[in-house]
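Please keep the structure in view while working through them.

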Amino acid sequence: MTIEELNEIEFYLKGVQFWGFFELSILANIGDKLDNSIINNIIDDLRYDKAYYENNLYYRVLIYRFFYKIIFKFIDSEKKEKAQEILMISKQFFMPGDVMSHVIINFAESFYCYYYTDKKQGKMQLQETLKFLKKIGAEDFRKTLKLQYDKRILRENRSEK
């Protein structure tokens with residue numbers, strides 16, 4: 001995506017008053033590329049209308065994909081407190097029985113643990129999540145999360161050798 005395209009999307013998103021399926025889809029796909037001030041404003045909007053979004057599974061899934069990506073954005077840019085804040089906010093959107101959302105945020109939380117708390121424990125949690133997804137036959141979902149694992153953990157382990 002070019003800078004001009006990103007600027008155009010940011011301009012569009014600044015004018016959004018209601019976050020519908022289209023706008024949330026944008027966030028779920030490129031939310032991590034947005035400016036931090038825009039991300040903060042969007043999170044404030046989502047929290048303000050939380051009751052509306054939490055009752056719609058499709059909206060929640062998109063919101064969790066957005067949270068997941070921005071948690072990684074803040075971990076990658078070494079903004080520990082901001083990553084932790086987004087983890088806490090994301091948990092406010094949990095619904096009982098919404099397993100996919102729990103798995104997504106647990107996976108992001110495991111990366112947080114890996115980078116900021118306990119590498120061994122975090123890596124073990126990440127691997128357990130991937131094994132669980134394999135066991136229940138969620139291969140597509142597992143592949144998506146495994147890409148993040150490979151990108152971050154395997155790359156880091158190779159560079160340490």
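Is Ser 101 buried or exposed? Ser 101 counts as buried because its relative accessibility is 1%, where buried means under 20% relative accessible area, exposed over 50%, and partly exposed in between (1.4 Å probe, protein chains only).

1. Basis of the note. This is a predicted model, in which local features need pLDDT of at least 70 and side-chain atom pairs count only at pLDDT 80 or more, while totals for chains, interfaces and linings use all residues. Residues are numbered from 1 along each chain as its sequence is written, and side-chain values use heavy atoms, with hydrogens and water left out.

2. Surroundings of Ser 101. Ser 101 belongs to helix H7, residues 99–116; helices (H or I, at least four residues) are DSSP runs numbered from the N terminus. Not counting residues up to four places away in sequence, Ser 101 touches Tyr 64 and Phe 94, contact being defined as heavy atoms within 4.5 Å.

3. Tyr 53. This residue lies in helix H4, which covers residues 50–54. Tyr 53 is buried because its relative accessible area is 0%. Leaving aside neighbours within four places in sequence, Tyr 53 is in contact with Phe 18, Trp 19, Leu 24, Asp 45, Leu 46, Tyr 59, Arg 60, Ile 63 and Phe 93. Tyr 53 and Ile 3 are 50 residues apart in sequence, and their C-alpha atoms are 30 Å apart in space.

4. Ile 42. Helix H3 (residues 36–48) contains Ile 42. With 2% relative accessibility, Ile 42 also counts as buried. Beyond residues up to four places away in sequence, Ile 42 touches Trp 19, Leu 27, Leu 34 and Phe 66. Val 16 is 26 residues from Ile 42 along the chain, and 9.2 Å separates the two C-alpha atoms.

5. Helices H2 and H5. Two packed helices are described by the angle between their axes and the distance between the axes. Helix H2 (residues 21–30) packs against helix H5 (residues 57–76) at an angle of about 25 degrees, with the axes 7 Å apart. Axes are lines fitted to C-alpha atoms, for helices over the stretch in contact, and angles run from 0 to 180 degrees between N-to-C directions. H2 is therefore roughly parallel to H5, since angles under 35 degrees count as roughly parallel, over 145 as roughly antiparallel, 65 to 115 as roughly perpendicular and the rest as oblique. The contact is made by Phe 21, Leu 24, Ser 25, Leu 27, Ala 28 and Asn 29 of H2, together with Tyr 58, Tyr 59, Leu 62, Ile 63, Arg 65, Phe 66 and Lys 69 of H5. These residues divide into nine nonpolar, two polar and two charged. Here Ala, Val, Leu, Ile, Met, Phe, Trp, Tyr, Cys and Pro count as nonpolar, Asp, Glu, Lys and Arg as charged, and the others, Gly among them, as polar.

6. Helices H5 and H6. How are H5 and H6 oriented? H5 and helix H6 (residues 80–91) pack at an angle of about 165 degrees, with their axes 8 Å apart, and H5 is therefore roughly antiparallel to H6. In H5, Tyr 64, Phe 67, Ile 70, Ile 71, Phe 74 and Ile 75 meet Lys 82, Ala 83, Ile 86, Leu 87, Ile 89, Ser 90 and Lys 91 of H6. The contact consists of ten nonpolar residues, one polar and two charged.

7. Asp 76 is placed in H5. Asp 76 counts as partly exposed because its relative accessibility is 43%. The side chains of Asp 76 and Arg 152 are joined by a polar contact of 2.5 Å; such a contact is a pair of N or O atoms within 3.5 Å, and within protein one must be able to donate a hydrogen and the other to accept it, while residues adjacent in sequence count only if both atoms are side-chain atoms. Glu 78 sits in the loop between H5 and H6. At 68% relative accessibility, Glu 78 counts as exposed. Although Glu 78 is not a glycine, it has a positive phi of about 60 degrees.

8. Helices H7 and H8. H7 packs with helix H8 (residues 119–135) at an angle of about 155 degrees, the axes being 7 Å apart. The two helices, H7 and H8, are therefore roughly antiparallel to each other. The residues of their contact divide into nine nonpolar, six polar and two charged.
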